[in-house]
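Subject: Structure handover

Hello,

Here is the structure we discussed, for you to look through. My notes follow below it.

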Amino acid sequence: MAQTEAAAGEPRGAKAALSRIFKAEELGILLVLIGLVVIVALIKPVFVSQANLINILRAAAFPFIIAIAMTYVFIGGQFDLSVGPIVALGGVASGMMVIHGGVPVPLAVIGTLILGAGIGFTSGFLVAVFAIPALIVTLGMLYAVRGVVLILTKGQPVYPLPPEFTIMGQGTLGPLPYPVVIGIVLAIFAHLVLKHTTYGRNVFAMGGNKETARLAGVRITRLTISVFMLTGMAAALAGMLSAARFSSATSNAGTGMELLVIASVIIGGTSLFGGAGSILGTAIGTLMMTVIKNAMVILRIDVYWQDLVVGIVIIAAVGLDQLRRRRVGL
Amino acid sequence: MTPALQMTNVTKRYGAVVALEDVSLDVRPGEILGLCGENGAGKSTLMKCLSGSIYARDFDGEIALGGEVVRFGSTLEAERAGIEMIYQEVSLHLDLSIAENIYLGRMPTRGAGLIDWPAVYRGAREALAMVGLELNPRATVRGLSTSQQQMIAIARSVIRGPKILVLDEPTSALTATEADKLFKILHNLRDRGVACIYISHKMDEVFALCDRITVLRDGRFVATHKVADVATDQVIADMVGRQLDALYVHNAPMPGRELLRLEDIDVRHPTRADRLLVEGASLTLRAGEIVGLFGLVGAGRSELMSAVFDGSYRQTGRRQGRVFVRGDEVVIRSPADAINHQIAMLTEDRKVSGFVGTMNITRNITLAALNRVARGGVIDGGAERSLAHDLATRLSLKAAGLRASVLSLSGGNQQKVVLSKWLASEPQILILDEPTRGIDVGAKAEIYRLMSELANKGLGIILISSEMPELLAMSDRVVVLGEGRVQGTFDRAEITQDKLLQAASGQPGVAA
């Protein structure tokens with residue numbers, strides 16, 4: 001049988017391995033990232049000092065934790081604009097529980113995660129059951145949650161956070177800050193779930209073709225709600241870690257975070273249309289965004305130029321990747 | 001006489017796939033040319049070249065109208081040159097009025113861009129009279145039946161005064177009376193010198209209506225016959241390229257125990273909330289049996305089975321339809337429930353609801369059976385690959401490896417992937433909706449062989465098909481839907497094309 005031979009004869013050997021690497025989804029953007037790092041390092045060697053590299057990783061950790069969950073949302077063919085204010089709410093709610101409510105830190109952390117999941121549940125429910133477009137639901141949620149934060153805090157920061165709390169953001173494991181460690185652990189876990197479980201597979205199927213997935217027995221409503229719960233929890237977690245890092249929870253934390261996260265995921269090659277993407281790509285995409293900002297500081301480029309450069313890089317990175325995909329026939 | 005239309009050596013490739021190779025045909029003024037061929041023979045592709053939906057620069061060959069070579073860069077250019085297409089699937093704007101639909105894109109104006117509404121309604125009334133519909137031209141199209149919509153699409157094309165009129169399976173949504181009306185209109189057009197191309201699977205229509213018949217097979221020209229000089233069998237042999245008996249395999253086994261029984265199933269109308277598309281449908285399927293489900297386009301065959309499969313039969317708000325699986329009443333809330341009851345449904349449009357284009361072949365095959373290759377939610381890669389491999393082998397899937405994208409496959413192989421997906425779920429009740437649509441003859445024969453093999457193993461199969469020969473050859477019984485109801489059930493021995501068509505048009509045959 002022709003097919004049997006072909007299936008057995010998947011390309012092997014060094015040449016084939018090389019060709020698989022070249023076809024790997026994440027390659028294009030990885031090359032751009034490496035190129036960027038090399039160029040900046042040649043101009044300013046301090047860019048690759050350990051201290052600065054740790055800085056970059058720590059800055060990347062907060063958006064990355066959310067971007068991991070956002071990758072699931074995108075692969076599932078959905079969209080979540082509401083994570084920025086949930087970051088603020090995560091910090092503020094946990095901080096208030098600990099400072100004003102006297103709640104033990106572990107309980108406050110769990111409670112805040114449940115709160116984040118609840119917000120995600122609400123968005124997902126509105127999207128899946130009432131068929132309101134995700135863009136609209138989460139845009140509304142973006143305003144509503146920010147409003148809740150302002151009502152709770154009246155614009156005042158929540159502090160001082162006790163050391164049992166701040167250690168989450170300030171402690172280190174070896175040279176790595178805790179947020180970085182948490183990000184790495186979550187990324188590995190999320191990658192494994194995405195690649196090797198029925199849950200991950202169903203997310204891909206739903207994003208690739210919702211109707212086919214539904215008829216194949218995938219519970220679309222539950223699955224949709226679940227991916228929004230992931231971003232809600234991830235944003236709440238990032239909010240707590242960031243408040244812990246700065247010893248204070250502010251009502252304007254996470255401003256613009258939703259766009260940073262979305263940009264990172266898209267640069268990492270995850271499809272806006274659903275059905276394709278990876279955690280590895282998202283890791284590279286998030287690093288890319290952080291490296292650009294950090295490099296501009298190191299190179300003493302006027303801060304007013306930053307957004308312009310970021311915008312150009314986003315379009316260039318995705319454009320280059322599209323070109324490469326067309327050439328290798330992906 | 002100069003032909004009204006001359007297509008010469010038309011060749012169209014999609015990547016490596018050749019859809020048309022060196023096809024030529026001609027139609028004279030005042031002639032009706034029948035265009036015949038199996039699904040996938042290239043009829044539609046050829047007509048797309050003519051209608052401008054495939055641009056002239058994207059295919060090779062030449063098209064001449066009245067001796068003058070034309071190169072269409074859009075469908076608009078083809079329309080301006082006097083080419084009108086009538087498709088099987090009606091494409092009207094549901095929320096516009098009948099008159100607006102008829103004049104869409106070329107409303108008569110009184111200068112300054114103002115629409116001349118009196119002229120619009122006058123013209124629309126004339127068009128309606130021509131096709132024998134007594135309807136208010138201001139009514140929206142949404143409320144009309146599929147066959148009325150088809151007649152309006154025909155009226156729209158005819159009043160534009162085409163030089164060349166192409167009809168693609170126009171009667172598959174029409175009742176017998178309406179079809180007769182259409183034939184009268186076509187005879188009238190022929191007498192006025194219009195050249196028509198008539199595409200149909202229904203041999204009796206083609207022979208009654210056409211002057212000549214051109215047959216295509218696998219993208220190639222086979223023959224052109226004068227209707228007066230040729231017999232039906234010859235045309236069918238030309239279409240199929242082999243003996244029909246060799247194509248269909250079905251040795252009816254003794255039907256076993258009852259697998260599925262539907263009682264009083266209602267189906268909601270897709271576009272009108274206040275109506276039912278199907279009312280009180282009942283049918284029974286036994287082990288080892290292939291039950292055909294026949295009806296005109298729009299009769300609700302697919303919708304009936306989908307409603308059962310995805311549980312929407314429970315949401316019609318009226319009577320409570322009942323579903324029995326292996327004798328026990330079950331409640332199906334979702335496709336997942338149906339799959340748990342060992343029901344599988346291959347849908348009509350594999351691209352829309354059959355496969356996931358972003359997934360490779362293996363993942364498509366295991367999609368509905370993931371829990372069979374997973375433990376505690378973790379997929380066993382080896383078990384998954386071997387399940388996919390087994391099914392691919394069993395269905396002789398031709399692919400460059402099972403990691404290849406499902407999009408890289410031919411239509412027939414894509415269909416095999418979708419079938420594999422459902423077989424992987426180990427169903428006992430298999431619903432097949434147009435399983436051979438748009439696939440080549442070879443793959444068709446394999447699917448027929450597989451169907452009878454499955455039936456012999458004790459599965460029950462419900463076959464929804466618009467292809468009469470297929471339905472007649474494969475079914476042990478045929479249930480006919482028409483006018484929103486089950487019009488009759490016919491045993492294999494008593495099935496004839498006429499009986500089925502009559503019943504489908506709402507003239508009850510043998511009572512169920």
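Leaving aside residues up to four places away in sequence, Ile66(A) touches Val83(A), Thr231(A), Ala234(A), Ala235(A), Ala238(A), Met257(A) and Val261(A). Please bear in mind that this is a predicted model. Ile66(A) also stands out in the largest nonpolar core, which has 255 residues: together with Tyr198(B), Ile66(A) has the most contacts inside that core. Domain 1 (5–241) and domain 2 (247–504) of chain B both contribute residues to the core, so it lies between them. As a general point, nonpolar side chains in soluble globular proteins tend to be buried together.

On the domains of chain B: the assignment gives domain 1 as 5–241 and domain 2 as 247–504. The C-alpha centres of these two domains of chain B are 31 Å apart. Their contact involves 19 residues from domain 1 of chain B and 18 residues from domain 2 of chain B. On the domain 1 side of that contact in chain B, there are six nonpolar, nine polar and four charged residues.

Next, the contact between the chains. Chain B puts 35 residues into it and chain A puts in 26 residues. On the chain B side, helix 11 (335–340), helix 12 (350–353), strand 18 (378–379) and helix 14 (381–394) each supply at least two residues. Sorted by class, the side of chain B that touches chain A holds 19 nonpolar, eleven polar and five charged residues.

There is also a sheet in chain B to look at. Four strands of chain B make up an open sheet, ordered 12-11-14-15, with antiparallel pairing. Strand 12 (276–286) and strand 15 (328–330) of chain B are the edge strands, each pairing on one side only. From one strand to the next, the twist averages 25 degrees. Strand 14 (residues 322–325) of chain B runs antiparallel to strand 15 of chain B, and three bridges join the two. Within strand 15 of chain B, Asp328(B) is the bridge partner of Val325(B).

Helix 10 (residues 301–309) of chain B belongs with this sheet in any description: helix 10 lies across strand 11 (258–268), strand 12 and strand 14 of chain B. Relative to strand 11 of chain B, helix 10 of chain B runs at about 110 degrees.

Regards

Technical notes:
Residues numbered from 1 in each chain as written. Chains lettered and ligands numbered in written order. Predicted model: local features only at pLDDT ≥ 70, side-chain atom pairs only at ≥ 80, totals over all residues. Domains from an automatic or database assignment. Contact = placed C-beta atoms within 7 Å. Nonpolar A, V, L, I, M, F, W, Y, C, P; charged D, E, K, R; others polar. Pairing = 2+ DSSP bridges. Axes fitted to C-alpha atoms, helices over the stretch in contact; angles between N-to-C directions. Core = buried A, V, L, I, M, F, W, Y, C linked by C-beta atoms within 7 Å. Buried ≥ 20, exposed ≤ 12 C-beta atoms within 10 Å, placed from the backbone.
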